[in-house]
Amino acid sequence: MMAGERWGLDRRGLILGSAGLGALGLGGCATGAMTGPLGGPTPTAGGVYAPHLEPVRASMNRVFDITVCLRPFRAAGPRLEAETIGDALVIHNYGHGGSGWSLSWGSGTLAVRMAMASSPRSVAVIGCGAIGLTSAILAQEAGARVTIYARDLLPDARSARATGSWTPDSRIALTKTAGPAFADRWEEMARISFKRYRRYLGLPGTPVEWSDRYNLFDGPPDSEPEADDPLGFAHYGDRIRDLNGHSEVLPPGSTPFPTPYVRRNSSMQFNVADYAHTLMADFLAMGGRIERREFHSPAEYAALPEKVVINCPGYGARALCKDESITPVRGQITWLIPQPEVNYGVYYNGVSVLSRRDGIVVQAVWGGDMFGYGDDHEVIDRAEAEKAVGIIAGLYSRMKA
Ligand SMILES: Cc1cc2nc3c(=O)[nH]c(=O)nc-3n(C[C@H](O)[C@H](O)[C@H](O)COP(=O)(O)OP(=O)(O)OC[C@H]3O[C@@H](n4cnc5c(N)ncnc54)[C@H](O)[C@@H]3O)c2cc1C
C-alpha cells in the first residue's frame, strides 16, 4: 500500500480504523506530499496556509462531566424493514452503531417511504433519539400527524452522548455479513443525510457546522501498527469521496503542533445540545405530540391509536424487541469546559478531541473499531478518562507558543 493511501481516505489502512479517525470525521483523500519549505507560515502542497490555532486547556481540573453510551451495532447493518403486528404496520428503524446521527435523515427517509406507502393520516414513532426524532419530522413533512412515544426524550436519550461528528460508516456493519446490497443502501442513506444537513448550517445556535480536524503523528504514519480488525468492520467511505472532501498533508513547521506529521481535513460536526433542541422545536412547531411511555413488547404497539408505527428504540431494541443481533459497543466521553476560541478537532495517539459549542469532547479510541465491542458496562471508567486527558495535556504542553 502506498504511503499516500495510508495517510488518506483508505480507511481499511488507517492506523486506528474508523473508531479512531472516524470518531472525529478524519477521513479524507490525501493530497500533496510531506515536502515543502520549512518555517511558518508555510503553504501546503495545495497552497493553503495553516491558521492560528488556540490550544486546548486539557486538564482533569477542567473536566465538567464524563458520559458513557452504548452504540447499537448490528453486523448486518441497521434493521430497516416492515412487520405486521396485530393490525399495525411496524417499520423497524434501529441499530445504527456509531453512525446514527450521520445517517439519521437517510435512514428516516427510507423508513418513512415504507410507512407512508398506504398514506396513513397519523403515524406513531417509538423513540426520541436521533433516529426517532428525524423519522418523526420526515413523517410530518410527508403529511402525517405524528405522535412520538418514548421513555426518554433528548437530551436524556443515549443519542445525546455521541461525539457529534459526520461519521456515516463508523461501526455500521461487518462487510461480509452486510453484503453488497447494504453497501448500496448505505450510500443512499449517507447521500440523503449529507444533503439534509445543508439546511442546518448557518442557523443561530450553530446546530451544525464544518470544522478542521488535525491528525497528528510522532513518526511516519505507515510505521504505526494497524488496529486489529478480526471481524471485518465495513468501511464505505470511498463511495462518497466526493462528499467527504480532501485532506492535505501539512509540511513540518507549518502548524503549532509539536508532531512532525500533520494531516488536515474538514468535516461536519453536530453541536448536539443545540441540534437536538432545534429538532425538538421543529417537531413541536409542526404540531407533533410527545407522550412519555415505556413499552415492554412490540405487541403493545397494536393497541396504539395509530396503525402505522416507526420503531426507533436504538440500543433499547435489544430488550424491547428481544433482538440479540444488537451488540453493544461502549464509548465514553470526557467533557472539558467549552473554549469557543478552539474551533477544530485533533486526533493524537489514540485519543480524539472535538471542540463543540457545548463542551470539548475527549474520547479514547485506542484499539480501533474493537474498542468497547461487546461491552455493555454503561458506567464511568475514570482511569480511561485520566489517561485520555493526560495524552492530550502532554501534546499541548509541547505545542509552540
Ligand atoms: C461514544 C459515542 C459516540 C458516538 N459518536 C457519534 C458520532 O460522532 N456521529 C454519529 O453519527 N453517531 C455517533 N454515535 C452513534 C449514535 O449516538 C447512535 O447511533 C444513535 O444515538 C442511535 O440513535 P437512536 O435514536 O437509534 O437511539 P437512542 O438515542 O438510544 O434513542 C432510543 C429512543 O428509544 C426509546 N426507547 C428505547 N426503549 C424503549 C422502550 N422500551 N419503551 C419506550 N421507549 C424506549 C429511548 O427512550 C429513546 O427515546 C456515537 C455513539 C457513542 C456511544
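This is a predicted model: local features need pLDDT of at least 70, side-chain atom pairs count only at pLDDT 80 or more; totals for chains, interfaces and linings use all residues.
## Terms and basis

Residue numbers start from 1 along each chain as its sequence is written.

## Protein chain

The protein chain has 9 helices and 15 strands (DSSP runs numbered from the N terminus: H or I of at least four residues for helices, E of at least two for strands). Of its 401 residues, 49% are buried, that is, with 20 or more other C-beta atoms within 10 Å of their own, C-beta atoms being placed from the backbone.

## Helices α3 and α5

The axes of α3 (residues 100-115) and α5 (residues 175-197) come within 7 Å and cross at roughly 110 degrees; axes are lines fitted to C-alpha atoms over the stretch in contact, and angles run from 0 to 180 degrees between N-to-C directions. The two helices, α3 and α5, are therefore roughly perpendicular to each other.

Residues of α3 that meet α5 include Trp105 and Leu110, and those on the α5 side include Met189 and Ile192 (contact: C-beta atoms within 7 Å). By class, this contact of α3 with α5 has 6 nonpolar, 6 polar and 3 charged residues.

## Ligand shell

The ligand is surrounded by 40 residues, the closest being Gly100, Gly129, Gly314, Gly316 and Gly331 (C-beta atom within 6 Å). Elements that each supply at least two shell residues include α3, α4 (130-141) and β12 (326-336).

Notes. A residue is buried if 20 or more other C-beta atoms lie within 10 Å of its own, exposed if 12 or fewer, and partly exposed in between; C-beta atoms are placed from the backbone. Angles under 35 degrees count as roughly parallel, over 145 as roughly antiparallel, 65 to 115 as roughly perpendicular and the rest as oblique. Two residues are in contact if their C-beta atoms, placed from the backbone, lie within 7 Å. Ala, Val, Leu, Ile, Met, Phe, Trp, Tyr, Cys and Pro count as nonpolar, Asp, Glu, Lys and Arg as charged, and the others, Gly among them, as polar.
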